[in-house]
Amino acid sequence: MTGILVENGRIAAIGDGAELSAAYAPNEIIELPGKLVLPGMHDAHIHTAGIARSLVAVDLRDARSLQEALERVREHAELLPAGSWIFGGRWDSNKWEKPVQPTAADLDGVSGDHPIALSSIDGHTMWANSAALRQAGIDAQWPDPPGGMAVRDQHGNPTGILRESAQDPIGEIAAGPDAGNLAEMLLAAQTLLLSVGLTTVTDLNGEEARAAYLELHRAGELAIRVVKGIPIEALQTAIAEGRHTGDGDDWLRTGPVKLFSDGALGSRTCHMSRGFADDTTNLGMAVMTPQHLYDAAHAAVSAGIAVATHAIGDQANHVVLDVYERIRRDTGTTLPLSIEHTQFLQPGDVARLRQWDVTASMQPTHCTSDIDLVRTLLPDHDLVAYGWRTVLDSGADLAFGSDAPVEEANPFHGIHAAVTRQRGDNTPEGGFQPGERVTVAEAIAAYTTGPAKLTGTADHKGTLAPGMLADFIAVDTDITDPQILADEPLRIRDTQVLQTVVGGETRWQRD
């Protein structure tokens with residue numbers, strides 16, 4: 001039996017459990033349950049405020065039609081005080097029995113006097129009712145902002161669908177007091193994250209989440225470690241305040257600034273070099289121009305702030321790599337640079353990740369969720385799609401996350417997707433583009449040492465070794481057993497966390 005000795009929140013020794021038991025008083029020994037102990041998992045790309053709010057919001061993830069979605073909204077609205085805002089959503093019209101673009105008029109029929117704003121599953125489209133549009137000042141005279149658009153009818157009136165940065169006016173309302181006490185909600189989200197084995201998160205929500213985490217940290221209520229990203233809108237404020245990536249302590253530290261190059265596949269707004277199969281004239285959307293990306297990245301690294309840029313389409317990734325090459329050449333910075341999602345790469349761009357020391361920050365379950373979309377929208381594109389095997393073989397660094405609440409935060413869902421390229425129902429047989437599968441050990445590393453390196457904490461977290469932070473989890477399945485992957489791969493996805501230890505203290509335990 002292997003034992004882990006913990007002193008002052010760090011691992012002091014790892015060795016024979018009987019010998020450690022003999023050397024230390026019995027009351028200092030904790031018997032961990034289960035079959036396997038792993039380093040605590042680090043989600044490299046997550047939106048914890050979104051998770052927190054989703055716990056009290058209307059959830060449309062598994063709605064299978066517009067009518068079903070509307071009925072859920074109606075039921076939710078009846079439970080709330082008159083006039084209160086309704087947020088949430090996570091709807092996916094691509095999976096409805098009859099895919100249609102919903103409208104404000106649809107929502108108006110079930111919303112009563114509630115303003116309603118519902119994000120799509122990918123977060124790049126918002127479905128709002130007329131009351132929400134009015135309160136946000138979005139009407140026929142409202143100009144589309146750079147990097148966004150309100151879908152309009154033939155008379156120029158907004159239909160209720162807001163894409164990309166056009167969501168911001170309502171997003172500002174959703175980040176304010178109308179959405180409830182975020183700090184209290186984050187405590188509930190923290191428990192959820194600990195229950196699936198996450199001991200660290202890189203949070204990419206906004207400044208309201210930072211304020212809530214500072215409040216929790218001051219109160220001593222943080223039980224999970226947080227690397228807090230900076231939204232592009234707050235970059236100049238962060239620079240003026242003297243924030244630097246890595247500032248803080250082992251519980252709450254400053255992360256990268258988050259930039260956006262394009263949109264998402266499901267919304268047809270990811271920036272592609274060739275059009276989509278259902279509209280070959282549509283190349284997606286560049287949310288920020290190359291010069292805007294460069295200027296923001298240059299300002300960030302010059303102030304000591306790392307950069308993480310959202311890029312899904314192959315052209316978006318190409319543009320970001322061009323920008324990062326210029327940044328490395330012009331500034332000589334060694335600060336972390338990452339591409340968030342890195343979903344579609346032009347084959348010639350893969351080597352540039354390692355060449356310019358760019359981490360591919362990827363989300364394995366995006367692949368398995370998007371299989372049908374890729375086959376439908378990009379059937380003839382020569383792309384490296386969700387290519388974590390190709391990325392690793394190139395020598396580039398890889399970090400895994402979930403993008404929750406877009407996907408489930410459970411890292412074992414991600415590990416299963418990474419090693420099988422299959423959904424939770426064992427489809428497709430043999431896996432989607434199975435040549436991109438990775439090993440279980442590589443997938444675990446992408447959830448532990450990969451994010452630790454990206455956040456500059458690899459010297460004291462991410463592995464189980466003396467001197468490292470005592471962050472580890474006990475699980476009910478030995479997912480490293482090759483027979484499980486060969487015979488029962490779904491057991492990896494269904495792995496249950498039995499105990500989560502952070503800083504040497506049990507922070508969550510299954511009853």
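Residues are numbered from 1 along each chain as its sequence is written. Because the model is predicted, local features need pLDDT of at least 70.

Start with the sheet. Helices (H or I, at least four residues) and strands (E, at least two) are DSSP runs, numbered from the N terminus. Two strands pair if DSSP finds at least two bridges between them. Four strands form an open sheet in the order β3-β20-β21-β22, with antiparallel pairing. Its edge strands, β3 (36-39) and β22 (505-509), each pair on one side only.

Now follow β21, residues 497-502. Four bridges tie β21 to β20 (residues 472-475), in the antiparallel sense. Here I473 stands opposite T500 in β21. Four bridges also join β21 to β22, again antiparallel. Q499 has Q509 of β22 as its bridge partner, and V501 stands opposite T506 in β22. β21 and β22 form a hairpin with two residues between them. In that turn, G503 has a positive phi of about 65 degrees.

Is β21 buried or exposed? Buried means under 20% relative accessible area, exposed over 50%, partly exposed in between (1.4 Å probe, protein chains only). Six of the six residues of β21 are buried, so the strand is largely enclosed by the rest of the structure.

Next comes helix α3, residues 66-77. In α3, L66, A69, L70, V73, H76 and A77 are buried. They cover an arc of only 125 degrees around the axis (taken from the directions from the helix axis to the C-beta atoms), which puts them on the same side of α3. These buried residues pack against β5 (58-59), α4 (104-108), β7 (117-120) and β8 (125-128), where contact means heavy atoms within 4.5 Å.

Methods:
This is a predicted model: local features need pLDDT of at least 70, side-chain atom pairs count only at pLDDT 80 or more; totals for chains, interfaces and linings use all residues. Side-chain values use heavy atoms; hydrogens and water are left out. The expected span of a helix is 1.5 Å times one less than its number of residues.
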